[in-house]
Amino acid sequence: MQQWIAEIAYETTSGPKKVTETFYLPSPDDVRTAIIKKGGYVLSVRPHERSPLERLLARSTWWQVQLLRGIQFRSTASSPGVALWKIIQAETNPRRQNILAPAREALARGLGVIDALKALQIFDHSTLAILSGSERANKLVEGIPHAIHSITQKKKNARAIMGTMGWLGFDVFSIVTSLWAGKDMVLKWFRDNPPTDPEALAKFEKVVGNLGLTWDTLIWTSIAFGAFMCWCIFSYWLNRGKKDWPTARIVRKIPLIGAYMRDLAFGDSMMAASRMLRGSVPINATLEQSSEASTVPEVIQYWENSLEDLSRGVSLGSALDREPLRRAERLELAALSDLEQVATVMESISEMRSQSAKTKHSLIVWLAFAMTGVFLVIAFGSAIYALTVMNMSMDSMMGGLMQGSI
């Protein structure tokens, strides 16, 4: 289902009249069919689009939380669907009206509040999973605070990921600029001070050539790594909302980063499951919605397999006690004696996964810092090695470089 903007011509007593209307339907052909049934003539059909500023506002944590809180407060006197409709009708800001337009069309077609929230395309999978599970249990109002908590927690995780990517980007930039600036200075000094002996000159040219090749390798390796990072960021932005795609599979195969993202996904889905259980969502619906709360295949498979075993009559503790959970996490699940403990145990596992993700985040930052040092040591170490091979002094090199910079 998607919102479409259609330009339509109607025959009136005063002649043809051109109007613009919105439709919430699966495809352009369905829009054309609906217009023909209304007696209109289709001029054009295009997907509903938001401006960059509207997309930024719609994706902001503040906007999402305010919308959910508005539904929660108004639901005390009416149903959540009516509460959302009132919010949309009361909105006077044109930019926010455009953001809320898909939900208005969904509600106007008789769809439920969850379908309307999905039509907005502003909430992530885990938030929608909590809301959908709560709505199935007819306790959407009770589930909204848990969804808000999930949104704020995801914001913290997103900041951690952006901090990691920012540090890696700064790391690559530092390496490239340092090597690029140093290469010309060092090689220029060598070439300006060649030996006069023919045998020494041949050896000198070979050493300087190897030195230049070493620095070029380091520089282009750094550039390739930076390009890979940019490609990953662009691919994640382009494929946001999808369950899986080639770039995500490549990133998950990187040992430390893949484990870091897996820990974040497990922490989010476990917390989402805990929040749903706190909101009195049935366990079957909780497991089903938890599988939709993540985009990491290993996490999705865990919840789907657990639900399948539970449906076959396996006890809840045994159904949840499986790979890829760690031994300590599985021991907590194995100790379950009643359903009331499940939410507490899932919260505990979520906290352990979140702590593990923080540890891996710190390790990634320190490894990036160490990698910068390794690159620079190799670069300047190779220059010092070339000096020793050519029986030149470091003092003479530094003096020449300082004079050249002046």
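The model is a predicted one. Helices α6 and α7 pack against each other, a search of the whole structure finds 1 cavity of 30 Å³ or more, and F190 is buried.

**Packing of α6 and α7**

- Two packed helices are described by the angle between their axes and by the distance between those axes.
- Helix α6 covers residues 113-120 and helix α7 covers residues 125-136; they pack at an angle of about 170 degrees, and their axes are 10 Å apart.
- Angles over 145 degrees count as roughly antiparallel, and α6 and α7 are therefore roughly antiparallel to each other.
- On the α6 side, the contact is made by I114, L117 and K118, while α7 contributes L128, L131, S132 and E135.
- Sorted by class, this contact has 4 nonpolar, 1 polar and 2 charged residues.

**The cavity**

- The search of the whole structure gives 1 cavity of 30 Å³ or more, and the largest cavity holds about 40 Å³ of space.
- The residues S126, S150, Q153, K154, D268, M271 and A272 line the largest cavity.
- The elements that give two or more residues to this lining are α8 (140-192) and α11 (255-278).
- By class, the lining has 2 nonpolar, 3 polar and 2 charged residues.

**Residue F190**

- F190 is found in helix α8.
- Buried means under 20% relative accessible area; F190 has a value of 0% and is therefore buried.
- F190 and F204 are 14 residues apart in sequence, and their C-alpha atoms are 8.7 Å apart in space.

Key
Residues numbered from 1 in each chain as written. Predicted model: local features only at pLDDT ≥ 70, side-chain atom pairs only at ≥ 80, totals over all residues. Heavy atoms only, no water. Axes fitted to C-alpha atoms, helices over the stretch in contact; angles between N-to-C directions. Helix = DSSP H or I, 4+ residues; strand = E, 2+ residues; numbered from the N terminus. Parallel < 35°, antiparallel > 145°, perpendicular 65-115°, else oblique. Contact = heavy atoms within 4.5 Å. Nonpolar A, V, L, I, M, F, W, Y, C, P; charged D, E, K, R; others polar. 1 Å grid on protein atoms, 1.4 Å probe; cavity = no way out; pocket = protein on both sides within 12 Å on 5 of 7 lines; lining within 4 Å. Points joined across faces, edges and corners; volume = space filled by probe spheres on them. Buried < 20%, exposed > 50% of the residue type's maximum accessible area, 1.4 Å probe, protein only.
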